[in-house]
Amino acid sequence: MKHNVWTGGYVPRKFHPIGSQFEPAVDGVKYYIERIVIDEDPQNNLGYTEDHDISEAYTIEISEDGDTLIKIASPLGGLQALETFAQLFFAHSSKTAGSYTPYAPLSIRDSPVFQHRGLNLDISRNWISPEDVMRTIEAMAANKLNRLHIHASDAQSWPLEIPSLPDLAIKGAYSHAQIWRTEDLEAVQLHGTHHGVQVFVEIDLPGHTTSIGNAYPSLVTAKD
């Protein structure tokens, strides 16, 4: 969770009427979350029926005193739980007051209705940098999307570096500055793993191969 309340400093003014007092008093009574207990148990059904997929399910309990217990059945559920946990907090407009949650005490039980919650990005027709894709992955995680489909080749361009066929990207990309290197793809895949998002790369074959013909005309039957 690279971007969250602690790094972004989000003060939720737009959630409240102008001029209203929505923040806790700086000099008021404070309770702190000093410890978060995460209980992972593959046999824990988290209150769901046996046929319910609980791989991403989780529960969060926060007491009025700040005692916090998160229950999960798998590490993937832990990623989802911690994403939700971070979203419970806002930055105080007073720089010295830190962060707070207006919701405690609270009890959350959450799991997905759909196993596949995806997004498709076309990096071949439209140049999208690896950095922008990783930023998109962070936004997907914040909204509990879990599948990213990258359309990596088409007639318009071939931006993906293939070490065994180097000219595919050199001659098939829009420009040398618009090539995904192998380390870029690895970084995106790893970033997805860290955020609970599976990344799938799709190569468009046997049609839509004009960009291949630009580099290796013998590999296609009709470049144009």
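A residue counts as buried under 20% relative accessible area, exposed over 50%, and partly exposed in between (1.4 Å probe, protein chains only). The model described here is predicted, so local features need pLDDT of at least 70, side-chain atom pairs count only at pLDDT 80 or more, and totals for chains, interfaces and linings use all residues. Residues are numbered from 1 along each chain as its sequence is written, and side-chain values use heavy atoms, with hydrogens and water left out.

Helices and strands are DSSP runs, numbered from the N terminus (helices: H or I, at least four residues; strands: E, at least two). Two strands pair if DSSP finds at least two bridges between them. Strands of a sheet pair through backbone hydrogen bonds, either parallel or antiparallel. The model holds an open sheet of 4 strands. Its order is β1-β3-β2-β6, and the pairing is mixed. β1 (36–40) and β6 (106–110) stand at the edges. Each has a single partner strand, so one side of each lacks a neighbour in the sheet. From one strand to the next, the twist averages 10 degrees.

The pairings can be taken in turn. β1 and β3 run parallel and share 5 bridges. Here Glu 40 stands opposite Ile 72 of β3. β2 and β3 are antiparallel, again with 5 bridges. In this pairing Tyr 58 stands opposite Ile 72. β2 and β3 also form a hairpin with 5 residues between the strands. Gly 66 in this hairpin takes a positive phi near 100 degrees. β2 (residues 58–62) is joined to β6 by 5 bridges, and these two strands are antiparallel. Ile 62 has Leu 106 of β6 as its bridge partner.

Side chains along β3 alternate. Thr 68, Ile 70 and Ile 72 point to one face and are buried. Helix α2 (residues 75–87) lies across β1, β2, β3 (68–72) and β6. The helix runs at about 40 degrees to β2. Such angles run from 0 to 180 degrees between N-to-C directions, with axes fitted as lines to C-alpha atoms, for helices over the stretch in contact. Contact means heavy atoms within 4.5 Å.

Salt bridges were searched for next. A salt bridge is a side-chain nitrogen of Lys or Arg within 4 Å of a carboxyl oxygen of Asp or Glu. The whole structure contains 6 of them. One of these joins Arg 125 to Asp 154, at 2.9 Å from N to O. This pair links distant parts of the chain, 29 residues apart. Arg 125 lies in the loop between β7 (118–122) and α3 (130–142). Asp 154 lies in the loop between β8 (147–151) and α4 (167–172). Arg 125 is partly exposed, at 34% relative accessible area, whereas Asp 154 is buried, at 2%. Asp 122, Arg 125 and Asp 154 are linked in a network of salt bridges.

Other salt bridges lie within helices. In α3, Asp 132 and Arg 135 are 3 residues apart, about one turn of the helix. Their closest N and O atoms are 3.3 Å apart. Asp 132 is partly exposed, at 33%, and Arg 135 is exposed, at 52%. In α4, Asp 167 and Lys 171 are 4 residues apart, so about one helical turn separates them. Their side chains meet in a salt bridge of 3.8 Å, N to O. Asp 167 is partly exposed, with a relative accessible area of 23%. Lys 171 is also partly exposed, at 47%.
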